[in-house]
Amino acid sequence: MGFEFNNETFRNDFTFRNSERAIKRFPFPFDRDDYMYSVNMEPHVPGRPGSVFEHAFDVDEHYLAEMRDRDLVLKEDPLRCQSLPHMELAGWDLLELIMESKARDYPHWFELHKTGKRWTWINKPMQIEQTFTFLDPSTLPYGPMEYITRQTQGDFTLQDQRDENLWIEAGMVTTQADWSLDFDIGMSFHEWHAPVPLAHEKGVFDRALKFLLKLQHGAPVRRFNWTHTVDPLLDTSPENYPKWGPTRTEITMENLGQRMHLRVELQTLWRLPRSNAIAFPIRCYLIKYDELVTMPKWARRMHRVVRDIHPDLAAYKGFLRNRDLMTAWLAQYDDGAPTSPGWWPED
Amino acid sequence: MSQTVFEKSIRSRPVYGVLQPRAGTAHLCVADGEGAGAIRDLFAKAGADAPAMLAKTHIIYVPGANGTDEFASLEALGAAQCHRSPSFWAAESRLRKVLADAHMGLQVYLAGTETLIGLAQRDVMEAGLPHDAVQTEHRGSLSRRVQCVHCKGITENVTTDPYVCSHCGLNLFVRDHYSRRLAAFQGVNIDAEEPGNVPPAVERFK
């Protein structure tokens with residue numbers, strides 16, 4: 001693949017960085033110079049070679065470091081991974097989906113060998129070789145959802161479908177933009193989205209739910225979400241807010257380029273075949289402002305989005321306090337030139 | 001006292017109605033504090049059917065956290081069973097037994113504070129009753145049961161915003177985000193970004 005896995009941290013000394021290759025393929029989420037909520041879903045089909053859309057589940061240079069960070073989060077707080085009892089079958093569906101996808105898309109790193117129900121999974125980067133019986137949880141060291149998501153970048157939730165609604169009833173959530181699985185587990189679609197401002201009134205969630213209830217197996221969809229995070233901290237959990245909250249007051253014009261990060265979630269949605277549940281991977285990509293502005297188009301557009309965003313959204317996303325500073329800093333990189341439509345950096 | 005009128009709220013907030021008598025093989029009423037009034041009104045609405053309904057009714061009543069105790073007025077209705085419990089927690093094993101023993105056609109009526117309704121509804125859901133067999137009506141205090149998102153401790157009868165977590169001592173604001181599984185609102189540290197910068201507490205949930 002032409003890259004190596006970074007040895008880096010997402011806490012304490014924060015040695016996380018993006019290589020030039022990672023910057024070029026960063027999923028910049030703005031296809032125009034302004035932003036408002038919408039049901040911005042599109043088919044999750046293979047995208048340009050080298051892009052984060054090339055494969056079903058993107059594996060990038062941060063893979064091993066992210067898996068180490070997940071393990072640390074779970075040691076501190078096991079409630080970040082929960083599955084209500086009836087969701088185990090959906091966990092197996094997810095395990096199968098990820099194993100088959102990775103073995104197909106990255107055969108030099110992952111292998112899946114099946115002899116009837118007896119499966120052998122090989123994950124070379126993590127040095128794992130596991131033989132187990134599909135659908136028999138006693139043959140794995142964790143439940144199926146936890147087992148595979150300890151080896152896959154991004155957060156995951158599993159939604160049961162009943163009573164014309166979706167219910168968030170299992171999840172592995174350690175790289176979240178300030179929401180609590182432990183609090184939200186068991187909620188219906190509108191309940192867990194309740195704190196989001198402006199979108200309910202626009203009917204966004206009514207339309208999204210209607211759309212998702214009809215999601216078909218084999219036809220996954222994707223959308224972006226985004227926010228900002230001070231320092232490359234994956235675990236911006238509400239549980240730990242007293243620990244990371246104070247960093248929001250430490251931003252200056254001098255350190256902003258290094259410490260302010262655009263945080264992008266590539267969210268995909270998959271209908272699962274046996275359980276009829278929906279899997280919702282939420283993959284988090286971080287980029288420092290210093291790295292972001294190496295792409296002139298993104299620098300101009302980021303400035304315009306931050307400058308013009310509705311203050312309720314800036315508050316909900318947690319960067320209202322630093323918004324003026326961010327606007328001033330980004331203005332240095334915006335010469336007012338027009339930007340081309342779409343998010344690709346050089347189109 | 002009449003039913004509560006709520007200010008405009010967000011989507012995870014439970015919605016409460018007005019209790020109406022329904023045909024059923026048995027009737028279970030759970031109420032606290034001023035919720036007794038909703039139970040009295042329920043049987044008044046039943047009119048001529050009230051005696052037959054009461055003969056199949058089990059009432060569980062908990063005095064309000066504010067001291068309101070209207071048990072005598074419920075006892076006077078003459079239900080088949082009428083039980084006064086000092087707290088919801090003291091009543092919960094009885095409630096679970098009644099739900100476990102229930103046959104098809106049981107009607108459930110919950111009345112009083114959001115906390116009482118939420119906790120009882122959780123037991124009703126766990127017992128697997130169809131949700132259309134349950135009615136709720138809010139009466140009395142707007143005090144909230146709130147879970148600290150940081151230490152996970154639950155503080156009962158929160159009336160001010162912000163409040164101090166009774167477990168970890170952090171200053172929390174009460175977010176309008178409600179979990180039916182926990183029967184609790186969410187409390188979030190209000191001075192996380194600037195420790196010590198805590199606005200004065202306001203009585204929001206009287």
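Colleague: How many residues of chain A are in contact with chain B, and how many of chain B with chain A?

Modeller: In this predicted model, the side of chain A that touches chain B is made up, by class, of nine nonpolar, six polar and three charged residues. Two helices of chain A, α6 (189–192) and α8 (241–244), each supply at least two residues of that side. Counted from both chains, the contact joins 18 residues of chain A to 19 residues of chain B.

Colleague: What ipTM and pTM does the model score, and what is the average pLDDT of chain B?

Modeller: The model as a whole scores ipTM 0.91 and pTM 0.92. Where pLDDT is low, the predicted coordinates should not be read in detail. In chain B, 94% of the residues score at least 70, and the average pLDDT of the chain is 93.

Colleague: Why can chain A be called as compact as a globular protein of its length?

Modeller: Chain A holds 13 helices and 10 strands, and its C-alpha trace spans about 60 × 45 × 40 Å along the principal axes. For 347 residues the globule rule gives 20 Å, and chain A is as compact as a globular protein of that length because its radius of gyration is close to that value, at 20 Å.

Colleague: How far apart are the C-alpha centres of the two domains of chain B?

Modeller: Chain B is divided into domain 1 (26–138) and domain 2 (144–203). Seven residues of domain 1 of chain B are in contact with seven residues of domain 2 of chain B, and the side contributed by domain 1 has, by class, two nonpolar, three polar and two charged residues. Between the C-alpha centres of these domains of chain B the separation is 29 Å.

Colleague: Which residues have the most contacts inside the largest nonpolar core?

Modeller: The largest nonpolar core has 50 residues, and it draws at least three residues from each of domain 1 (26–138) and domain 2 (144–203) of chain B. Leaving aside residues up to four places away in sequence, B:Val30 touches B:Ile60, B:Leu95, B:Leu110 and B:Ala120. The residues with the most contacts inside this core are B:Val30, B:Ala31, B:Ile39, B:Tyr109 and B:Ala120.

Colleague: How many residues does the second, separate core have?

Modeller: This core includes A:Met145, A:Val173, A:Leu181 and A:Ala277. In chain A, buried residues make up 37% of the 347 residues. The second, separate core has 31 residues.

Notes. Residues are numbered from 1 along each chain as its sequence is written. Chains are lettered from A and ligands numbered from 1 in the order in which they are written. This is a predicted model: local features need pLDDT of at least 70, side-chain atom pairs count only at pLDDT 80 or more; totals for chains, interfaces and linings use all residues. A nonpolar core is a set of buried Ala, Val, Leu, Ile, Met, Phe, Trp, Tyr and Cys residues joined through C-beta atoms within 7 Å. A residue is buried if 20 or more other C-beta atoms lie within 10 Å of its own, exposed if 12 or fewer, and partly exposed in between; C-beta atoms are placed from the backbone. Domain bounds come from an automatic or database domain assignment. Two residues are in contact if their C-beta atoms, placed from the backbone, lie within 7 Å. pLDDT is the predictor's confidence in each residue, from 0 to 100. Ala, Val, Leu, Ile, Met, Phe, Trp, Tyr, Cys and Pro count as nonpolar, Asp, Glu, Lys and Arg as charged, and the others, Gly among them, as polar. Helices (H or I, at least four residues) and strands (E, at least two) are DSSP runs, numbered from the N terminus. The radius of gyration is taken over C-alpha atoms; the globule rule is 2.2 Å times the number of residues to the power 0.38.
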